Amino acid sequence: MKALVVFGLRAYVRSLRVLPPLIVVLLIICVVLLPGLSGSGGADLATGALGDVPAMLFPIWAWVARALPDTQPDEQQALSATAARHPLIPTAAGLVASFVVNLGLGALAMALPLAKAVATGVGPAALAAGVLLLVLAALGATLLGAYTTRARIPAPGVSLLTLLAANVAVLLVSFSPVSWLSAPMTQWVRAAHDGPNALTAETPSLALHLLLWSTALAVGHTLLSRHPR
Amino acid sequence: MRLQDVAFRYRRTGPWILRDVALTLPSGGVTEVTGRNGAGKSTLLRLVAGLRVPRRGTVTGRPARVGYAPERFPADQPFTVGAYLAHMAAVRGLPASAARPWTERLALDHLLDVRLPELSKGSAQKVGLAQALLAHPGLLVLDEPFAGLDATTRDALPALVTDLASEGSTIIVSDHQRHIEHLPAVQRVHVKNGTVTPLPSAARPSAAEADGWTVLEVTVRTTDAEAVTAELRAAGHAVRRLDTRRDA
């Protein structure tokens, strides 16, 4: 499993497919976060950014989870499956590798808001809440994006449209009365913009919601992987 | 290992590619799979390797360690030969040195630092064979392993297959070019009309078994023999040379 994760990560980096999402994240930092956080705002502004970053990165994380496993040609995925001896292991390895990349991208984007939050006196509880939400949101986005890999949807155009539609659906449903069906994106952004105390207070329920949502997505992957095409 | 009443189609409503397949692959035995292009040979091999799940029927007794060499090795990957084989060894829980005996035997040592996309077809095929052999597989599945190989490796591969079989490996080979049919005790099966039928050992499909085929005897200059053989094989014909030490 670990060897397959390393194999997938190296292929993704060496093929330079990591560059597009990395460039987009750097653009977000330069165009959105740097100007937004360079003002004289206090702790509330910095805490709001802790909620904004996972929301902005959510579609990028899902995109990575689609692209990273697809770095390997189909026949290589077959070779990895025979070498791994279990049909679930290659899928799990692809998810773990994508999650690792997504955590790296999240850490990169979160560095500035965290530094600003520390500088403006945001307490450790709110900082920990921001990091926890980042990790759980990255997990959910990774599991969502992995549904659009070539192994699940062979046609590239259909797969890309499905990825876009899924991201839009997550956002729209999180606004709707049935927001419990989606990742609680608007809820965590609202909590973060309400200040450190609100973010800390809301984080347990938001984290539980994200965990349950991610678990449902993971169960779907397990069921699909038991029946390879 | 046994396939019992196996049927497979790619989509739930698609045409059946294979039906009523009953096949026993003996431990330590070599099975040669023949059939026309598109008959379903590669699909059968993928079912045997566990890469496809039958829609109906059962596959039992598959050994834990499976080596699979596809018809076309996926060379479009950002690794050198050495790094790729080290990764595949690690996936199987083996040290990087596990590839060494096979790279020596397949004459790949001088290519270890070459990037996979820069390999010739034959060299890429050797990498595919090496990764399949890494773990001394209990089941070795080879899909057209002789395609593109140089003459030396083409001649060495049947001996390698025999060695593995003598150590107890179950081996199944799809081989258009008939390089293993002269091996002793090869079980031969023919894929046709969506099912698999056994053939007599060391025998070609008879006219009755492969209706629509005719045996021609063609005499060519020795200097032209290789080229004519290659052309006829490329056109999908089965060719056997009668005037040399071994079957071509």
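**View 1. Where helices α3 and α8 of chain A touch**. In this predicted model, one set of contacts links α3(A) with α8(A). On the α3(A) side you'll find A:T47, A:G48, A:L50, A:G51, A:D52, A:P54, A:A55 and A:F58. Their partners in α8(A) are A:M185, A:W188, A:V189, A:A191, A:A192 and A:H193. Sort the residues of this contact by class and you get nine nonpolar, four polar and one charged.

**View 2. How α3(A) and α8(A) lie against each other**. Two numbers describe a pair of packed helices: the angle between their axes and the distance between those axes. Here α3 of chain A, residues 43–67, packs against α8 of chain A, residues 185–193, at an angle of about 160 degrees. Their axes are 6 Å apart. Angles over 145 degrees count as roughly antiparallel, so that is the label for α3(A) and α8(A). As for handedness, α3(A) passes α8(A) in a left-handed crossing.

**View 3. Chain A meets chain B**. Here 19 residues of chain A are in contact with 20 residues of chain B. On chain A's side, the elements giving two or more residues are α1 (2–14) and α4 (74–84). Helix α4(A) supplies the largest share, nine residues. The class breakdown for this side of chain A is 11 nonpolar, five polar and three charged residues.

**View 4. A look at chain B itself**. Chain B has six helices and nine strands. It runs to 248 residues, and 39% of them count as buried. Take the contacts in chain B with a separation of 6 or more: 66% of them are between residues 24 or more positions apart.

Key
Residues are numbered from 1 along each chain as its sequence is written. Chains are lettered from A and ligands numbered from 1 in the order in which they are written. This is a predicted model: local features need pLDDT of at least 70, side-chain atom pairs count only at pLDDT 80 or more; totals for chains, interfaces and linings use all residues. Helices (H or I, at least four residues) and strands (E, at least two) are DSSP runs, numbered from the N terminus. A residue is buried if 20 or more other C-beta atoms lie within 10 Å of its own, exposed if 12 or fewer, and partly exposed in between; C-beta atoms are placed from the backbone. Two residues are in contact if their C-beta atoms, placed from the backbone, lie within 7 Å. Ala, Val, Leu, Ile, Met, Phe, Trp, Tyr, Cys and Pro count as nonpolar, Asp, Glu, Lys and Arg as charged, and the others, Gly among them, as polar. Axes are lines fitted to C-alpha atoms, for helices over the stretch in contact, and angles run from 0 to 180 degrees between N-to-C directions. Angles under 35 degrees count as roughly parallel, over 145 as roughly antiparallel, 65 to 115 as roughly perpendicular and the rest as oblique. A crossing is left-handed if the near helix is turned anticlockwise from the far one by less than a right angle, and right-handed if clockwise.
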